[in-house]
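Hello,

Here is the structure I promised to pass on to you. Have a look at it first, and then read on for what turned up in it.

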Amino acid sequence: MGLYDAYLAFRHRLHEGDPPEHVAIVITERDLLADGAYETLSASLRWAFDYDAERVTVSVSVLDESVIDTLVREFRDLDAPRPLAVRTPEDTAPTDAPIRVNVGLGGKAEFAAAVREIAADVDAGELDPDAIDEEQVADRLVFPAEPDLVIKTGAERLSDFAIWQSVYSELYFTDVNWRDFRKRDYLRALLDFQDRQRRFGR
């Protein structure tokens with residue numbers, strides 16, 4: 001660890017603010033084409049758990065669906081510090097793995113699938129329309145847990161990530177490209193989160 005990284009880690013340890021329990025990282029298929037992209041991801045996962053995260057969600061936005069199978073294979077071979085589950089648009093069973101990766105599963109598609117499931121339950125007489133609330137929707141999402149911190153590299157947009165779950169998340173955007181993302185960049189995101197007073201929409 002470099003001197004500056006050590007300084008940031010020291011600031012984190014002294015900070016009175018709680019670190020995020022659930023960290024989300026948003027990357028693109030293009031990010032993963034760069035040399036060392038998966039090594040960066042492995043390191044980022046380790047940093048998250050080293051600094052007290054209990055869960056990490058990785059979202060990979062995909063423009064070309066033909067690359068999904070290749071990305072899934074790469075993720076399943078990833079050197080990860082905890083059990084990892086990969087989900088695609090066709091594989092949407094819920095999971096409680098501490099590391100969750102969704103490849104090409106956009107927030108709009110996930111929300112639409114939840115609405116279709118609710119409509120089917122109402123049509124079958126298994127659900128009263130008056131009983132439909134936020135919990136009914138959340139229970140049908142692939143990744144229902146809400147991230148505390150969402151990190152997006154390279155651009156200030158979420159790329160259709162978890163539009164329901166991230167409504168009260170703290171968003172951290174950095175102009176550092178994924179291939180250049182380092183521990184100091186993760187620590188900056190962590191300190192930025194700890195400096196904020198979360199309002200949860202209030």
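Which strand supplies the largest share of the lining of the largest pocket? It is strand 2, with three residues. Please keep in mind throughout that this is a predicted model.

Let me stay with that pocket for a moment. The space in the largest pocket comes to about 490 Å³. Its lining is made up of 25 residues, and those closest to the centre are Thr28, Glu29, Arg30, Ser61 and Arg157. Strand 2 (55-61) and strand 5 (149-153) each give at least two residues to this lining. By class, the lining of the largest pocket holds seven nonpolar, 10 polar and eight charged residues.

The second largest pocket has about 160 Å³ of space. Its lining consists of Glu134, Ala138, Pro144, Glu146, Trp164, Gln165, Val167 and Tyr168. Five of these residues are nonpolar, one is polar and two are charged.

There is also a cavity to look at. Searching the whole structure gives one cavity of 30 Å³ or more, and the volume of the largest cavity is about 60 Å³. Among the residues that line the largest cavity are His22, Thr57, Asn102, Glu110 and Gln165. The lining of this cavity divides into five nonpolar residues, four polar and one charged.

Next, strand 1. All seven of the seven residues in strand 1 (residues 22-28) are buried, so this strand is largely enclosed by the rest of the structure. In a regular strand, side chains alternate between the two faces of the sheet. Here His22, Ala24, Val26 and Thr28 point one way, while Val23, Ile25 and Ile27 point the other way.

Strand 1 runs parallel to strand 2, and seven bridges join the two.

One backbone angle deserves a look. Most residues other than glycine have a negative phi. Asp52 is not a glycine, yet its phi is positive, at about 80 degrees. You will find Asp52 in the loop between helix 2 and strand 2, where Asp52 is partly exposed with a relative accessible area of 48%.

Arg140 sits in the loop between helix 5 (134-138) and strand 5, and Asp121 in helix 4 (residues 107-123), so the pair ties together parts that are 19 residues apart in sequence.

Another salt bridge pairs Arg188 with Asp185, whose closest N and O atoms are 3.1 Å apart. These two are three residues apart in helix 6 (residues 183-195), which means that about one helical turn separates them. Arg188 is partly exposed at 31% relative accessibility, whereas Asp185 is buried at 3%. Asp192 and Arg196 form a salt bridge as well, with 2.4 Å between the closest N and O atoms. Asp192 is partly exposed at 26%, and Arg196 is partly exposed at 30%.

Best wishes

Notes:
Residues numbered from 1 in each chain as written. Predicted model: local features only at pLDDT ≥ 70, side-chain atom pairs only at ≥ 80, totals over all residues. Heavy atoms only, no water. 1 Å grid on protein atoms, 1.4 Å probe; cavity = no way out; pocket = protein on both sides within 12 Å on 5 of 7 lines; lining within 4 Å. Points joined across faces, edges and corners; volume = space filled by probe spheres on them. Helix = DSSP H or I, 4+ residues; strand = E, 2+ residues; numbered from the N terminus. Nonpolar A, V, L, I, M, F, W, Y, C, P; charged D, E, K, R; others polar. Buried < 20%, exposed > 50% of the residue type's maximum accessible area, 1.4 Å probe, protein only. Pairing = 2+ DSSP bridges. Salt bridge = Lys/Arg side-chain N within 4 Å of Asp/Glu carboxyl O.
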